Amino acid sequence: MLRKRQVHLDFHTSEFVPVGDKFSKEQFQSALKAGHVDSITVFSKCHHGWSYHPSEANEMHPTLKFDLLGAQLEACKEIGVKAPVYISAGFDEKDFRKHPEWRVVVSPEKERQKEYENEVHFHLLCFNTKYLDVLCSQIEEVMVKYNPCGIFLDIIAPKICYCEKCKSDMKALGLNIENESDREKFSQIVFNKYLEATNAAVRKHSATATIFHNQGHIPKGDYRYINKNSHLELESLPTGGWGYDHFPLSAAYTRTLKDKEFLGMTGKFHHSWGEFGGFKHPNALIYEAALSVMNGAGCSVGDQMHPSGEMNMATYNLIGKAYSMVEEKEPWLIGAKNIADIAVLSAESITGDRNVKADAGANRMLLESNYLYDFVDETIDISNYKLLILPDVAGISDEMTEKVKAFLNNGGKVIASAKSIVKNNKFILDFGSEYIGENEFNPTYLVPHYDTVNGVTEYLMRADFNKFKVNSGEVVASMQNPYFNRTLEHFCSHAHTPNNPEEEFSGAVINNNIAYIGWDIFSAYALHGHLCFKELFKAVMEKMLGSGKTVTVDIPDKAVVTYTYQEKEQRNILHLLYAHTTVRGENTEVIEDTVPLYDVKCSVKYSKKPSRVVLQPQNKEIAFEYVNGEVTFTVPEVDIHAMVVVE
């Protein structure tokens with residue numbers, strides 16, 4: 001079982017900096033104890049290419065005088081802390097300089113390659129060269145010498161390379177280096193070769209050591225990669241470019257994978273990796289740790305040790321503020337499984353594009369509306385969900401189409417949008433409407449047939465629209481076109497042309513257990529965030545799911561709600577999380593001051609009257625009522641994170 005209070009200890013150190021002169025086993029242990037840390041990833045080899053222990057497979061950092069890795073492993077063992085070992089696999093500056101023939105060639109243009117090689121950052125080596133053999137020998141050396149509990153390899157992904165070895169091997173396979181599809185195909189061949197070789201280097205010496213290959217993202221639906229890891233670590237530093245809604249999306253998919261424990265990896269930094277002297281407020285780290293555990297993950301906090309080898313006590317006092325909370329709540333976290341009413345078929349898993357916007361938009365709408373949801377790919381069983389969302393993108397397989405039809409026949413409900421159920425210019429599901437085609441106008445206008453906060457009027461929709469004809473069903477929104485698209489010859493006012501009331505079509509329809517929205521509403525929400533997009537979505541959701549929601553909570557849109565179940569203990573846990581975020585600098589969303597919520601009304605469906613409802617770990621009972629299969633109660637205060645146990 002993965003430990004829940006981990007640290008990822010970066011140690012990328014130039015040869016021009018003295019290393020290890022202030023390392024102390026006692027000080028190292030004191031820091032881990034202050035941080036309530038139960039596992040720490042320590043370094044064998046860094047991105048600069050140096051090893052931090054005596055090595056025959058590599059070179060030890062030139063200023064290091066002792067076995068730093070061995071000393072750290074010994075220190076951890078003495079206090080019962082696990083210590084997986086980090087080995088840089090994608091970057092190696094030392095060997096980049098020594099072996100030009102191993103370099104990834106990013107472009108066939110010599111000038112562009114020269115620019116890349118002269119840029120001040122770490123540079124990639126090609127796994128299709130002898131570098132892979134060297135890397136595997138380094139892995140095996142660590143396994144034989146130290147027998148670690150795990151290996152962490154960083155940072156890897158399929159890479160298109162124009163080096164002579166790659167060009168020669170592509171030609172031998174009948175692949176054309178000039179063809180983008182062939183280049184991507186070969187990059188995956190090389191990546192698979194890397195995964196097989198490095199895993200074999202670990203498994204040759206241990207059947208139990210954990211293995212994780214970090215590429216900064218878990219590609220949804222790509223089991224070629226997922227299954228090569230013993231567990232998964234979701235790198236998601238909110239202030240480092242990921243944002244605070246990235247982790248819930250990634251976790252909502254990862255927790256559906258069988259036999260895959262996972263961690264949520266954040267950082268102690270104000271921004272991101274390599275930031276010496278950068279600190280976030282303790283409330284931010286408490287929030288991020290709670291966000292991990294309530295979404296079914298363990299925690300990992302990124303730190304970077306000073307080259308001297310001395311641990312920064314301010315860092316571990318900061319981490320301790322979050323991890324003491326996690327440690328106290330662990331009895332209600334271990335073995336807990338997240339409950340979800342809704343499955344979202346990931347657009348990334350359909351398209352293979354990690355930058356597709358539909359997933360991000362769907363995640364934000366569901367998160368802000370406090371629904372319980374998972375993201376799934378086509379292999380995952382959807383039969384136990386109440387509702388399935390098919391967001392925006394075309395490409396669902398015939399097998400998945402049949403799975404969706406079976407889901408509908410068994411009483412499940414579906415919300416589809418835009419092209420998600422369009423194939424060969426027809427709808428693949430029968431809901432009493434006919435597909436007409438892509439609308440020629442953008443933006444368009446939404447006319448709601450439901451109450452909105454600003455009343456019933458025309459709302460701007462910066463989104464593509466798909467026309468359809470309704471033969472039966474309830475039209476819940478209409479669409480109006482503008483008078484014309486904005487061009488050099490035809491434009492009106494500052495931004496876009498107003499709506500033409502004479503050009504109105506059906507915009508969204510519900511027929512029995514299928515709802516269809518003509519706009520690519522999820523992608524558009526990710527890009528523009530218009531309130532009217534979410535109001536349309538929530539109006540449809542209310543009609544489709546309504547009283548079927550497992551959990552209803554009166555809480556702001558910035559709050560996060562999850563609901564878990566511990567089978568062994570036969571109890572459910574409602575997690576409520578809230579913090580006020582502020583944008584600092586140009587685009588850094590931070591958490592500093594807490595803004596407690598008071599008297600939060602909650603309702604959860606429950607098959608029988610519970611024995612009690614308790615705030616934990618305070619062990620404070622809450623008064624509740626049980627009527628018609630619902631437990632209702634009021635949480636007196638949510639100060640960042642509250643955990644309510646229904647026993």
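Cys-161 counts as buried, because its relative accessibility is 6%. The structure described here is a predicted model. Its largest nonpolar core has 183 residues, and its strands include an open sheet of 9 strands with mixed pairing. The structure holds 0 disulfides.

**Cysteines**

- Cys-161 takes part in no disulfide, and the nearest cysteine sulfur, that of Cys-163, lies 3.6 Å away.
- A disulfide requires two cysteine sulfur atoms within 2.5 Å.
- The sulfur of Cys-166 has its closest cysteine sulfur in Cys-126, at 3.6 Å, and this is too far for a bond.
- Cys-166 has 2% relative accessibility and therefore counts as buried.

**Helix H9**

- Helix H9 spans residues 246–254, and because 8 of its 9 residues are buried, the helix is largely enclosed by the rest of the structure.
- The buried residues of H9 are Phe-247, Pro-248, Leu-249, Ser-250, Ala-251, Ala-252, Tyr-253 and Thr-254.

**The open sheet**

- The 9 strands are arranged in the order S11-S10-S12-S13-S22-S21-S20-S17-S18.
- S11 and S18 (459–461) are the edge strands, and each of them pairs on one side only.
- From one strand to the next, the twist averages 25°.
- Within this order, strand S12 (residues 387–390) and strand S13 (residues 413–417) run parallel and are joined by 4 bridges.
- Ile-389 stands opposite Ile-415 in S13.

**Nonpolar cores**

- In the largest core, of 183 residues, the residues with the most contacts inside it are Phe-28, Ile-40, Tyr-194, Tyr-316, Ile-342, Trp-519 and Leu-536.
- Leaving aside residues up to four places away in sequence, Tyr-194 touches Ala-89, Phe-127, Leu-132, Leu-135, Leu-153, Ile-156 and His-213.
- Another core, of 25 residues, lies apart from the largest one; Val-553, Tyr-606, Val-613 and Leu-615 are among its members.

How values were computed
Residues are numbered from 1 along each chain as its sequence is written. This is a predicted model: local features need pLDDT of at least 70, side-chain atom pairs count only at pLDDT 80 or more; totals for chains, interfaces and linings use all residues. Side-chain values use heavy atoms; hydrogens and water are left out. Buried means under 20% relative accessible area, exposed over 50%, partly exposed in between (1.4 Å probe, protein chains only). Helices (H or I, at least four residues) and strands (E, at least two) are DSSP runs, numbered from the N terminus. Two strands pair if DSSP finds at least two bridges between them. Axes are lines fitted to C-alpha atoms, for helices over the stretch in contact, and angles run from 0 to 180 degrees between N-to-C directions. A nonpolar core is a set of buried Ala, Val, Leu, Ile, Met, Phe, Trp, Tyr and Cys residues joined through side-chain atoms within 4.5 Å. Contact means heavy atoms within 4.5 Å.
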